[in-house]
Amino acid sequence: MQVPLPPVRFVPPNWVRTTTGSGAFSAMDHSTPSPHHSAGPEPNDQPGTFSQPVPPPQPPAPPVQFATLRSEDSRVALTNEGLELNGEIFGWRELEGVDVRPVRWLLGVLLGAFILCAFLLGFLQYWLRSVPAALGMGLGVALLAWGARGTNRWRLHRPGQETRHFALAGPARSWQQLAQEANHRIRQRHDEAAATAAYWLALADWRSQQAAPAAGLAP
């Protein structure tokens with residue numbers, strides 16, 4: 001009867017390639033590396049750098065100066081401070097926008113067309129003589145022209161307030177040009193106000209940042 005052998009634990013060796021060109025292998029060194037020869041990069045002991053002082057914010061550009069523009073009948077004036085319309089003054093910052101729309105008087109158009117057609121029909125049917133028919137047709141044409149000409153409705157939009165309406169007669173092209181210039185000045189004044197507000201906010205923030213280190217260094 002054979003005596004059983006004790007169990008044997010086999011530990012496989014670890015092999016690494018050597019730097020020689022023969023292709024031989026050598027056992028890996030499991031020794032603990034020296035703390036003086038760490039694999040990581042050595043820390044670069046440089047002196048601490050101080051942050052450069054932040055310059056204060058630059059103030060905004062001065063407001064643009066606008067020339068005064070007036071309409072032909074002097075009922076509308078665009079000044080540097082605001083809009084003058086029929087004797088009322090509206091500041092540029094209190095307006096959101098201005099628009100002009102040509103409006104036809106529908107009642108005048110319908111009444112003139114009806115009178116013209118009625119007198120023309122009466123003249124063709126020999127119900128009226130030439131003179132009354134001519135007078136009636138002339139009146140109808142005048143009412144039709146007056147209603148077709150209409151007026152120009154100015155609308156002033158104000159934030160948080162009701163829209164103001166003004167009726168001005170005359171060619172619509174000239175009024176529309178004035179309205180475009182008014183809208184340009186309104187946007188310019190609002191942009192300048194926004195730039196000024198942003199400057200003061202940035203200045204207050206900059207002052208608080210400058211006061212914080214001084215308070216920390218105080219005894």
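## Helix α1

The face of α1 turned away from its buried side carries the exposed residues Leu106, Leu110, Phe114, Cys117 and Leu124 (exposed means over 50% relative accessible area, buried under 20%, partly exposed in between, with a 1.4 Å probe and protein chains only). Buried in α1 are Gly108, Gly112, Ile115 and Gly122. Viewed down the axis of α1, its buried residues fall within an arc of 105°, so they line one face of the helix; the arc is that of the directions from the helix axis to the C-beta atoms. Just after α1, tyrosine 126 adopts a positive phi of about 60°.

## Basis of the model

This is a predicted model, in which local features need pLDDT of at least 70 and side-chain atom pairs count only at pLDDT 80 or more, while totals for chains, interfaces and linings use all residues. Residues are numbered from 1 along each chain as its sequence is written, and side-chain values use heavy atoms, with hydrogens and water left out.

## Salt bridges

The whole structure contains four salt bridges (a side-chain nitrogen of Lys or Arg within 4 Å of a carboxyl oxygen of Asp or Glu). One of them joins the side chains of aspartate 99 and arginine 155 at 3.0 Å, N to O. This pair links distant parts of the chain, 56 residues apart, with aspartate 99 in strand β7 (residues 97–103) and arginine 155 in strand β8 (residues 151–157). Aspartate 99 is buried at 19% relative accessible area, whereas arginine 155 is partly exposed at 21%.

Within helix α3 (residues 172–217), arginine 185 and glutamate 181 lie four residues apart, and their side chains meet in a salt bridge (3.0 Å, N to O). Arginine 185 is buried, at 2% relative accessibility.

Methods: Helix = DSSP H or I, 4+ residues; strand = E, 2+ residues; numbered from the N terminus.
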